[in-house]
Every structure is written in C-alpha cells, then in structure tokens.
There are 2 protein chains.
Amino acid sequence: MKKTAEIGTSKITVTDQFWGHYLEVVRDHVIPYQWKALNDRLPDTEPSHAIENFRIAAGEAEGEFFGMVFQDSDVAKWIEAVAFSLENKRNAELEQTADDVIALLGRAQDESGYLNTYYTVKEPDQRWTNLRDNHELYCAGHLIEAAVAYYKATGKRHFLEIMCRYADYIDSVFGREEHKLKGYPGHQEIELALVKLYDVTGNERYLNLSKYFIDERGKQPHYFDLEKREREDTKPFWFNDDYAYHQAHKPVRDQKEAVGHAVRATYMYTAMADLASRTNDESLKKACETLWENVTQKQMYVTGGIGSMVFGEAFSFDYDLPNDMSYTETCASIALVFWANRMLNLEANSKYADVMELALYNGTISGMDLDGKKFFYVNPLEVLPKACETRNDKKHVKPVRQTWFGCACCPPNLARLIASIGHYIYSQKEKELFVHLYMGNETRFEVAGKEVELVQQTNYPWDGQVSITVNPATEHTFTLALRIPGWARSAVVKVNGEAVDHESFMKNGYVYLNRSWTQGDQVELSLPMTVERIQSNPLIRHNVGKVALKRGPVVYCLEEADNGENLHGILLPRNAELKAEYVAELLDGVVVITGEAERIVQDTWSSLYRPGEEQTRQVQIKAVPYYAWCNREPGEMIVWVSEKR
Amino acid sequence: MKKTAEIGTSKITVTDQFWGHYLEVVRDHVIPYQWKALNDRLPDTEPSHAIENFRIAAGEAEGEFFGMVFQDSDVAKWIEAVAFSLENKRNAELEQTADDVIALLGRAQDESGYLNTYYTVKEPDQRWTNLRDNHELYCAGHLIEAAVAYYKATGKRHFLEIMCRYADYIDSVFGREEHKLKGYPGHQEIELALVKLYDVTGNERYLNLSKYFIDERGKQPHYFDLEKREREDTKPFWFNDDYAYHQAHKPVRDQKEAVGHAVRATYMYTAMADLASRTNDESLKKACETLWENVTQKQMYVTGGIGSMVFGEAFSFDYDLPNDMSYTETCASIALVFWANRMLNLEANSKYADVMELALYNGTISGMDLDGKKFFYVNPLEVLPKACETRNDKKHVKPVRQTWFGCACCPPNLARLIASIGHYIYSQKEKELFVHLYMGNETRFEVAGKEVELVQQTNYPWDGQVSITVNPATEHTFTLALRIPGWARSAVVKVNGEAVDHESFMKNGYVYLNRSWTQGDQVELSLPMTVERIQSNPLIRHNVGKVALKRGPVVYCLEEADNGENLHGILLPRNAELKAEYVAELLDGVVVITGEAERIVQDTWSSLYRPGEEQTRQVQIKAVPYYAWCNREPGEMIVWVSEKR
C-alpha cells in the first residue's frame with residue numbers, strides 16, 4: 001500500500017503495516033460511514049443533520065437547525081479527514097463529494113463572510129453574543145483547518161478562499177481596537193487553525209488574530225462576564241463557578257497547572273506552542289513548558305490519556321488518576337498528539353516525541369475498534385461492565401464501543417488524525433532532519449536545495465528494528481537526528497553496518513548523525529523491546545501495589561476474554577517471567593505477553609470479612625495491547641495489575 | 001450517671017462509660033440544638049420551618065409550607081429522641097416543651113384524623129395522590145413511633161391518641177376492600193411503626209394494616225403506575241426506570257437481593273421481621289433471612305455501612321463496595337441496627353447481634369462528632385479532602401462533618417438511636433434472658449412473675465472483661481444467654497469464679513446458662529481483644545492487597561493527623577507487631593493501635609511512570625477508632641491499608 005502526503009517541504013508515503021491498516025480502515029470504512037452519518041443515512045442512529053443544516057443555511061432546503069451548537073464542526077473534521085486521505089491516495093469520487101460539500105459551504109456563507117449554520121438558521125440576530133458556550137469560533141477553527149488541509153492535498157483554493165473571507169470577517173469583529181469585541185472563544189480551536197492559515201497564506205493578519213485570542217484570554221474585566229451581562233443572563237456558571245473550565249480563569253502565561261476541559265486546554269496549549277515558535281515568544285514558550293510538565297508529569301494516564309473527570313470532561317488535580325472513573329476522551333489524547341508535535345517544533349526533545357508516540361499507540365487508537373465501525377469517547381483503564389451498567393457515577397464509561405454519538409466529536413477527530421499520521425514522523429529544521437516516529441514510509445525532503453529521499457522500514461511497534469535508507473539526489477552533507485525512545489533500555493545505531501558511538505552524538509534524546517550522505521546509505525537502529533513492569537509515582541493513590549505491562553510504546557491490558565472474570569484477583573509475582581510473542585491471527589496481529597501469575601482463591605470464602613491471609617493458586621495470564629481491547633466478547637479489562645510482593 | 005428506660009417487661013438504666021458519654025451529648029447538646037433548628041433559631045443555617053409548618057397547619061400562623069415534603073418527620077424524630085432521653089433522665093422543662101409540641105400537633109390534626117403539614121397547607125386537595133414520592137405515610141410512621149416512645153417514657157396518652165386517630169383514618173383509606181386505595185408508601189417506615197403501635201395498644205387493626213402494606217407491595221398492576229396515570233404524570237421515573245429504588249419492583253417475598261434506597265430497604269426489612277415474629281409468617285421470615293444474607297455477606301462495608309452509591313442513596317450490586325465513593329448513610333446503618341434487633345427477636349443468633357454491634361460502634365456513631373455538634377450524612381471509608389472538593393463524582397462525600405442539613409434526616413435519627421441504646425442490650429423470651437450487647441447497665445426484668453435485677457459492668461469496647469451480677473428477688477431458675485461475639489477468638493465464662501465449659505452450652509453463638517440463680521451470683525465473661533488484620537472477600541475488588549485493623553467490635557482507621565499525608569503509601573508488613581493502648585486524653589479516651597510499617601519513598605520520583613520496584617522506609621503508624629475520625633484537624637483518612645507482602 002502507498003499513501004502520499006505533503007509536509008512542509010516533504011512528500012511522504014506511509015508504507016507501514018501497522019498504520020497502513022488504520023489508514024485503510026479510515027479510507028474504506030470510517031470516511032464513508034461518517035458521510036452517511038452526516039447525511040442522516042444511518043438507520044437506528046440519532047440523526048446528525050449536519051449537511052442539512054448547511055442546505056437550510058444556504059436557502060436550499062426548508063427546516064430548522066438541528067443538532068449540537070457545534071454541529072458544523074463534524075462536517076469540517078470530515079472534510080479534513082478526506083483531505084488527508086486524498087493525500088495518501090487520490091480518489092476522484094471522494095474528491096468530487098468533498099468539492100460538492102465545499103461548494104455548499106460557500107453558498108451557505110453570508111455576504112459578510114460569516115459561516116455558521118446554528119446562528120444563520122436559528123438565531124440570526126444573536127451572533128457573537130455567547131462566545132463562552134456557543135462554539136462559533138470553534139466551528140470556524142475546524143473549517144479553517146479543513147480548508148488548509150484540502151488546499152494542501154488537492155491544490156484547490158476554493159475552500160481556502162471561503163475561509164480566508166470568514167477569517168477576515170472575524171478579524172474585523174475581534175481585537176483590541178475600540179470598535180471591536182474584546183472576546184475570545186469558549187472552546188479554543190481557532191487559535192491553532194489561524195496559525196495553519198498563516199503558514200499556508202503567509203498573511204500575518206491571521207497570526208496576529210490568533211495571538212490576540214491567546215493574549216486576551218483570562219484578562220479582567222472578564223469578557224465572559226461582560227457578554228453575560230450584555231445578554232442579561234443571570235444563571236451561575238455550572239463548572240465550579242469559574243472559568244477554569246475554559247482555561248480563561250487567568251491569562252495563559254499565568255497558568256501553571258492544566259485545569260478544566262481537557263480538549264479545550266490542549267488545543268489551546270497547541271496554539272500557544274505554535275505562536276511561541278512563529279513569534280519567538282519566550283514567555284509563551286515557558287508557559288507551554290510549565291504546562292507540559294504539569295500534564296505529562298502529574299496528570300497523564302500511562303496510556304497517554306488525559307482528563308480524569310467526567311464533570312467538565314476535565315482535568316482534576318495532580319496525581320488524581322482513577323482508572324475506572326477516568327474521562328480520558330479520545331479527542332483529548334488526539335489533542336495531546338497535536339501539542340507534542342508543536343512542542344517538537346519548539347525544541348527537538350524526545351520527551352515530547354515519547355508522549356506523542358505513547359498517545360498514538362494507546363490512548364488515541366483505543367477509541368476505535370479494529371474495523372473502524374465502533375468508537376469509544378471515554379477510554380477507561382479499568383472496566384467492570386456491571387459497574388458501568390449499575391453505577392450512575394460510571395455511566396460515562398461504556399463497556400463496549402458505540403456506533404455513533406449525539407456529540408460526535410471523537411470519531412471524525414480520530415479519522416483526521418490517522419489519515420494524517422505521516423505528518424508526525426519527521427520534522428525538519430534547516431539542515432537537520434528529525435526522525436520522531438518509527439513506521440514504514442518513503443519520504444522526500446528538500447535539504448538546502450537538494451532532494452533527499454528517506455526510506456524507512458520496520459515492523460514497529462512489534463519489534464524495534466528500524467532501517468532507514470538515505471538517498472540524496474547527489475552526495476550531500478546534513479544531519480539525520482534519530483530519536484532514542486525513553487522506553488528503550490539501550491540502543492544500537494549503525495551506519496552502513498558500522499556501529500556508531502551514539503552516546504557521543506546524543507542530545508535531548510536524539511542521535512545527531514551529521515555526515516556526508518550518499519545514495520543507498522543504510523542507517524540501522526535496534527531498540528530492544530523488553531516487557532517492562534511499569535510502576536507509577538507513589539502519589540497516584542489508585543496504583544499502589546500495581547504494575548502496568550508495557551513493551552516498546554505499547555501498553556498492555558488484561559481482558560476477561562483471555563483471563564476469565566475478577567481480573568482484580570490476579571497477582572503478578574515480582575519474579576514472574578513474562579514472554580512476548582507475535583500472534584498473527586489475534587486482533588489483526590499483535591504481540592501478546594504471557595506469564596505465570598497467581599490468583600486469589602475465592603472458593604474458601606462465604607463471608608465478606610475475616611482475619612487471615614489470602615490464599616492463591618498458580619495461573620497463566622495473557623495480556624494484549626490496550627488499544628486493541630474490546631474487539632472480542634465484552635467483559636472486564638484492567639491495565640494496572642496487582643503485584644504479588 | 002444513671003439513665004433509665006423501659007423495655008417490654010424490663011427497666012433499664014445505662015451506666016456505661018462509653019455510651020454514657022453519647023447519652024449526655026444527645027441530652028445536653030443534640031436535643032437542644034435540634035430544637036433550635038426546628039424553630040429556625042440557628043444563625044447561618046438553612047431554616048427548617050418544621051415547627052412553623054405545624055403552626056400554619058393549625059391555623060395559628062400565616063405563611064406557606066417550607067422545607068422537604070417530609071419536614072414533619074424531623075419533629076417526630078426529635079420528640080422520639082426526647083422520649084428516650086426522658087426515659088433515661090426525667091427533665092420537666094424538656095417534657096413541657098414536648099407536651100407543647102404534641103398539643104400543637106393535635107391542633108394541626110384534621111377532623112378526619114389526617115395530620116401532614118405539606119398537604120394540609122400546600123395541596124389540601126392532593127392527599128394520597130403521590131404515595132411514591134411524597135412521604136405522607138413515612139411522616140405518619142415517624143409520628144407514630146414518636147407517640148409510642150413518648151407514651152412509654154411518660155405514660156401520657158395524648159400523643160398516642162392523636163396517632164391512633166390518624167392510624168385509624170389511614171386504615172379507612174388503604175386496604176384491599178373495594179372502596180379503598182390499594183396503595184403503599186414510597187418510603188417505607190409506617191410498617192414498622194404500626195407494629196409498635198400494635199404492641200403498645202394491642203389493636204390488631206394496626207398489625208393488619210402493616211401486613212397489608214408489606215403484602216401489597218410490588219404487585220401488578222403496579223400501584224405507582226396507577227396513581228401516576230391518575231395524576232396524569234407522564235415523566236419517566238428517574239431511578240433506572242423501575243421501582244427497585246423503593247423495593248417495589250416485585251413482591252417482598254420474591255426479593256432475594258437488597259436493591260435501591262438503602263434506608264427504605266432496611267426499614268422495610270425491619271418491618272418484615274417484625275411481622276414475621278408477630279404473625280409467625282414463615283415465608284416472610286425466610287425472605288428476611290435471604291435478604292439478611294445478601295446485605296451482610298455481599299453488600300456491607302466492614303464498618304457496618306450500607307449503600308455504596310450516591311445515585312438513589314442506594315445499594316449497587318454484590319461486592320461493589322468502593323471506599324471513596326460510598327454513600328453509607330448514617331441513617332442506613334441506624335436502620336441496620338433496627339433490622340438486626342428484629343432478626344434477634346426471630347432467632348437468637350449471634351450473627352445478627354454481631355452486625356448490630358458492628359454498626360453501633362462504627363458506621364452509626366461515625367455520623368456525629370464527639371461533641372454532638374456536627375454530623376456526617378455520608379460515612380466514607382477513604383477520604384482525600386482535595387478529591388471531595390474537586391471531583392463532582394465525590395461531592396456527596398464531605399471531608400468534614402456539617403452543622404445541619406437541608407435534608408436533616410440523619411442527626412435526629414442518630415439522636416433517637418443513641419437515646420434508646422439501652423433497648424438493644426437484652427431481649428427476653430419467656431424464661432430466657434439474652435445478653436446481646438456488653439455495656440454498663442442496671443436492669444430489672446420480670447421472669448415468670450419474679451423480678452430479676454442484672455447489673456452489668458464493663459469497660460467495653462476497650463476491654464473484653466464483662467461482669468454481670470444476677471440479683472433475683474428470691475432464688476429463681478431461668479436461663480441467662482450470653483452472646484460470644486464472632487470477633488472473639490476465644491472466651492472464658494465463669495459463674496461465681498468457676499469456669500464454665502461454655503462450648504457445651506453454646507447454641508448459635510450464645511452460651512445458655514440455665515441454673516437456679518440467687519442474689520449476688522457473679523457471671524464473668526472474658527473476651528480477649530486482639531488487634532485483628534481483617535481481609536475482605538476477594539470479590540471486593542477495591543480491597544485487594546489491603547487489610548483493615550479491628551479490635552473487638554471497633555474498626556480502626558488511619559488519619560492524616562497521626563500519619564501525615566498520602567496515607568495510601570503506607571504498607572503494613574504481614575509480620576508487623578501491632579500494639580493496642582488506651583490513651584485517656586485522645587478523642588475522649590480511645591484505644592489506639594500503633595506499629596511499625598513501611599512507607600513508599602516518593603522523593604526519588606519526578607516522573608509519573610517508570611520501570612522498577614518501589615522503595616520504602618520504616619515508619620511508625622497510629623490507628624484510631626473509625627467512629628472518632630475527623631475530630632481533629634481535617635485531612636485524609638483510610639480504613640483499608642495496603643499490605644507489604
């Protein structure tokens with residue numbers, strides 16, 4: 001399979017076995033399925049009405065707006081996924097469908113440039129009166145992202161022009177000038193989109209507007225208070241009565257801890273990193289770094305999931321990471337990938353790529369089944385189906401993936417992430433080519449005016465052998481910087497069969513291979529993938545006495561399908577030998593981990609409590625990759641396993 | 001101190017050190033405080049309006065009804081607590097206050113006998129239209145209980161007559177006869193109250209009405225559906241869309257598992273046991289036994305708390321007992337004491353008294369601080385204050401006791417339980433006197449026409465030495481049956497200094513001492529109180545790898561005040577020596593448990609996850625009785641401690 005994408009000055013074709021499967025699933029199942037959803041052609045599913053809303057807004061159909069206030073964004077994310085998919089593999093029919101939708105969007109656009117079906121159809125007089133709740137700027141952001149992606153994939157400018165017109169209009173409405181609204185979005189998204197629009201158009205107005213939204217946020221007197229007074233709204237705000245939910249409780253540079261809605265937060269941090277790199281803003285860079293440390297060192301699950309509370313789909317507080325009550329929204333892990341990617345632009349440090357890789361192989365793709373037909377919004381680390389069915393406090397945790405959601409943010413978000421996976425492998429900084437991710441691909445860069453092809457081959461994430469063939473058009477001196485993942489206990493780097501003393505060329509987790517490259521140079525990287533027993537920081541009270549199994553970037557879990565019920569009664573002895581083996585016929589081919597463990601004996605019990613010591617028996621356990629859980633019969637699942645100490 | 005109460009044919013005076021303190025607190029603080037609350041004389045507290053509602057209903061004040069639909073029951077529980085308190089110690093002023101309230105109740109009573117301020121004041125035409133939600137029969141039940149208690153305490157019949165009139169009226173409204181409503185209460189309570197009314201009046205109409213309410217419950221067509229249709233209410237019912245919340249999902253004899261609202265359930269089971277004993281109903285007795293096994297062997301916390309879900313204040317499912325999310329309402333543990341007491345009437349089996357004792361020394365009195373000024377509604381087994389403050393899913397768990405509640409069911413319920421504690425020590429079955437609880441008291445029974453005095457002395461629950469002096473008026477043959485608690489690993493029973501081979505006289509956990517007793521006979525019971533490390537059933541997933549400390553009937557906990565923060569990081573080695581020592585100056589005098597343990601070292605950590613093994617350091621830990629937690633500076637608390645294995 002060959003999938004081609006363009007990144008900056010590069011052209012990338014993903015040839016990877018692992019991601020190739022996902023790219024196919026997105027192209028062949030997710031995108032067509034979501035198209036049906038957007039057009040209300042799915043039986044037994046809550047209607048989306050998203051396309052119909054645009055028809056009504058364009059005056060081409062009669063009816064009322066229906067759906068979430070941010071329903072437009074589902075269309076945007078779908079077009080964006082289509083764009084990335086077309087980059088990978090052209091498809092005339094799909095492109096025509098997208099062109100038709102884009103044309104519809106153009107007809108739904110107001111003369112002023114305004115484009116939002118909720119307000120156009122339902123409350124035409126109420127534009128920009130409730131930025132806090134009503135997602136106008138959020139929808140604009142997603143449409144802009146889609147327009148940029150579609151332009152880059154197809155070279156067609158129509159959608160880009162529509163969105164420039166809308167962005168120009170937004171710029172005429174918001175800003176610090178006297179006649180403008182001093183507002184900013186309740187759901188951040190447009191900030192990162194405007195940077196993309198700036199990147200592709202070079203128009204600094206968009207960069208400045210993004211910067212304005214970020215800089216203005218959280219200032220006093222508070223815009224959300226002002227607009228609330230203006231619309232004579234006297235209701236208290238539902239989320240703990242402050243604007244932490246929106247990360248608007250204080251100016252962004254004063255924010256030291258991640259709080260509130262995890263997706264809003266992480267989209268904002270992504271934009272902050274974008275702006276810091278585009279404007280060399282040191283204070284913004286520092287803020288990003290502080291927040292990064294907080295999220296990844298105090299508030300992140302071992303799967304790369306973030307957001308431990310259903311209330312507000314939010315961060316809670318440091319080290320509060322319950323496994324069975326988490327929110328860990330698929331979209332939040334996706335946003336974490338975006339943010340990590342932008343932090344890498346600020347600084348080539350493997351700590352960012354490690355988290356990006358972690359989220360990619362675990363907390364994001366766990367949101368979809370292997371067929372691309374069902375989705376998790378919430379990605380728990382421990383599931384007892386009966387608890388999800390009985391306990392109201394766990395009703396957000398679904399024990400099985402669902403076909404479609406009323407609030408359908410995650411499935412199209414995952415589709416666009418997967419379709420654009422090639423964009424996350426490399427980055428380039430002048431004569432330095434960074435390899436952040438290992439997956440099969442063929443990519444062409446322009447380095448100091450010369451074309452360089454890289455051909456990467458690997459069976460990642462199942463084994464840590466990576467070979468990269470370097471093919472400069474002619475002999476050429478530049479740096480290839482290879483990430484040594486944080487999980488690797490050792491690494492061997494060879495160039496043309498000769499081992500490199502890579503420790504000497506190591507900086508922030510990357511081996512800098514600076515040399516004169518010639519056609520066919522072979523770089524080999526060996527990363528031993530051992531089964532690791534991961535401990536968690538003792539401040540995470542939920543994981544005391546437990547370990548998680550991990551191999552390479554892949555986090556494992558135990559499922560009832562392999563291990564029977566009452567998984568919590570499994571005790572893993574410290575000296576248990578754990579074997580890893582690739583099983584082609586299981587879960588589309590995965591490495592499974594097996595070993596001897598013990599299991600607390602239950603049949604001697606009839607009462608609830610008694611003095612004494614537990615009795616155990618020997619059992620064989622089998623762990624499968626977390627991302628692939630719940631692809632067989634439904635049942636219990638745990639990531640953190642009790643240790644026998 | 002001397003407190004006198006009358007039970008059946010007995011007169012009891014509690015002289016106990018431990019309970020004497022609580023009796024004083026209830027008399028000197030709780031009852032006066034609650035009187036102020038009922039009369040809206042507490043500053044900074046939500047008004048109760050409960051007395052004012054009666055004034056308005058009596059036509060003696062102008063105004064609207066205010067408060068919960070069951071506000072009347074707060075007055076009832078207060079009078080009942082006053083009654084028990086007067087039994088213990090007469091108090092002319094308090095009695096006059098109660099007489100005045102009772103007179104007011106009489107004036108608020110309708111000519112028909114109806115007495116409910118919500119309907120009388122607010123919806124006079126809507127009586128009996130919403131039995132499911134509106135607590136009319138519940139309030140009637142509490143008023144009946146109060147009237148019976150007041151009559152037994154003071155010999156005054158006025159309140160009893162008011163309530164007989166009301167009960168007669170209720171009997172004219174409900175029943176199987178054609179012209180009557182086939183209804184029953186949404187919140188059970190009147191059923192057990194009517195049995196008390198029958199016991200004191202001998203009027204079988206009340207017993208039959210109680211039996212009707214129990215027997216009719218849960219039949220199809222469902223009365224709650226019928227009355228809902230009648231009042232043209234089309235809203236779905238909020239609790240999982242069935243009547244399990246009210247234990248009305250099926251007839252009571254078909255109920256095998258405790259479900260729904262824990263207080264409703266347990267009040268109903270109490271009445272079922274009452275009816276089974278009064279009517280020799282074997283099928284009802286069997287149902288009680290089945291439900292007892294389910295609750296105490298599958299759904300009860302180690303503290304005697306029940307109800308593991310805030311949603312519906314309800315039972316969830318077998319072995320689902322999260323420590324930090326529990327509901328474990330004070331009222332539910334109180335109801336468990338009632339139920340255990342009634343099961344003992346059905347069968348003298350120490351398994352019932354063991355649970356009664358467990359709830360009394362742990363899950364009930366934990367609901368009040370040592371001064372009787374603050375109360376817990378929810379009694380969690382694990383508290384991290386920051387989690388309660390931040391996480392919405394834990395907002396029902398308060399990290400500190402509160403002064404008064406809008407829904408003020410627990411404080412007066414606890415007051416009446418404590419004030420009547422003497423009633424739970426003994427029971428009598430013809431010539432058998434059962435000793436269920438050990439606490440200092442002096443009691444006179446009539447056994448086969450002769451008076452027998454028992455004088456019990458003990459320092460329980462801090463030590464297991466109990467002496468009972470038996471003083472029959474003249475030499476008399478009867479049985480004294482002493483409970484040997486389930487927690488006791490051994491026991492020595494002596495009569496007049498001579499050891500009894502008590503195993504030979506043991507039946508269902510009681511030692512039956514049948515002999516001819518003479519004045520001054522000394523019975524001594526020695527129960528060694530060792531510190532026990534309690535394990536929980538392996539099916540309780542929340543307690544894997546953890547133990548609870550218990551000594552005698554008292555469950556212990558670790559508090560931040562003694563052990564610093566991050567209590568979850570404490571690991572108790574299996575061979576740790578644990579010492580018990582009485583500390584007079586701590587928490588009004590308690591036995592504390594101390595020992596060497598280990599603590600996971602945190603200072604080597606900066607990241608969230610890493611391979612490897614935990615490091616620990618030696619620490620000294622101190623555990624205090626669970627009931628006394630949160631009487632010092634607020635902080636963390638845990639009952640279940642991780643083991644170092």
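Reader: Which residues does B:Gly367 touch, not counting residues up to four places away in sequence?

Author: Contact means heavy atoms within 4.5 Å. On that basis B:Gly367 touches B:Thr330, B:Lys374, B:Phe375, B:Phe376, B:Asn379, B:Arg401 and B:Leu414, leaving out residues up to four places away in sequence. This is a predicted model, in which local features need pLDDT of at least 70 and side-chain atom pairs count only at pLDDT 80 or more, while totals for chains, interfaces and linings use all residues. Residues are numbered from 1 along each chain as its sequence is written, chains are lettered from A and ligands numbered from 1 in the order in which they are written, and side-chain values use heavy atoms, with hydrogens and water left out.

Reader: Is B:Gly367 buried or exposed, and where does B:Gly367 lie?

Author: Buried means under 20% relative accessible area, exposed over 50%, and partly exposed in between (1.4 Å probe, protein chains only). B:Gly367 is buried, at a relative accessible area of 1%. Helices (H or I, at least four residues) and strands (E, at least two) are DSSP runs, numbered from the N terminus. B:Gly367 sits in the loop between α14 (350-364) and β3 (382-383) of chain B.

Reader: Where is B:Arg533, and which backbone oxygen does its side chain reach at 3.5 Å?

Author: B:Arg533 belongs to strand β15 (residues 531-536) of chain B and counts as buried, at 14% relative accessibility. Its side chain reaches the backbone oxygen of B:Arg574 at 3.5 Å, and a polar atom of that side chain lies 3.4 Å from the backbone oxygen of B:Leu572. The residues that B:Arg533 touches include A:Arg610, A:Pro611 and A:Gly612.

Reader: What is the area buried between domain 1 of chain A and domain 3 of chain A?

Author: Domain bounds come from an automatic or database domain assignment; here domain 1 is 3-424 and domain 3 is 534-644 of chain A. Buried area is the accessible area (1.4 Å probe) that two parts lose on being put together, summed over both. Between these two domains of chain A the figure is about 2,500 Å², with 62% from carbon and sulfur atoms. On the side of domain 1 of chain A, A:Val302, A:Tyr319 and A:Leu370 lose the most area to domain 3 of chain A, together 24% of what that side buries.

Reader: How many salt bridges count between domain 1 of chain A and domain 3 of chain A?

Author: A salt bridge is a side-chain nitrogen of Lys or Arg within 4 Å of a carboxyl oxygen of Asp or Glu. The count between the two domains of chain A is one. A:Arg541 forms a salt bridge with A:Asp320, with the closest N and O atoms 2.8 Å apart.

Note on methods:
Polar contact = N/O pair within 3.5 Å; in protein donor to acceptor, adjacent residues only side chain to side chain.
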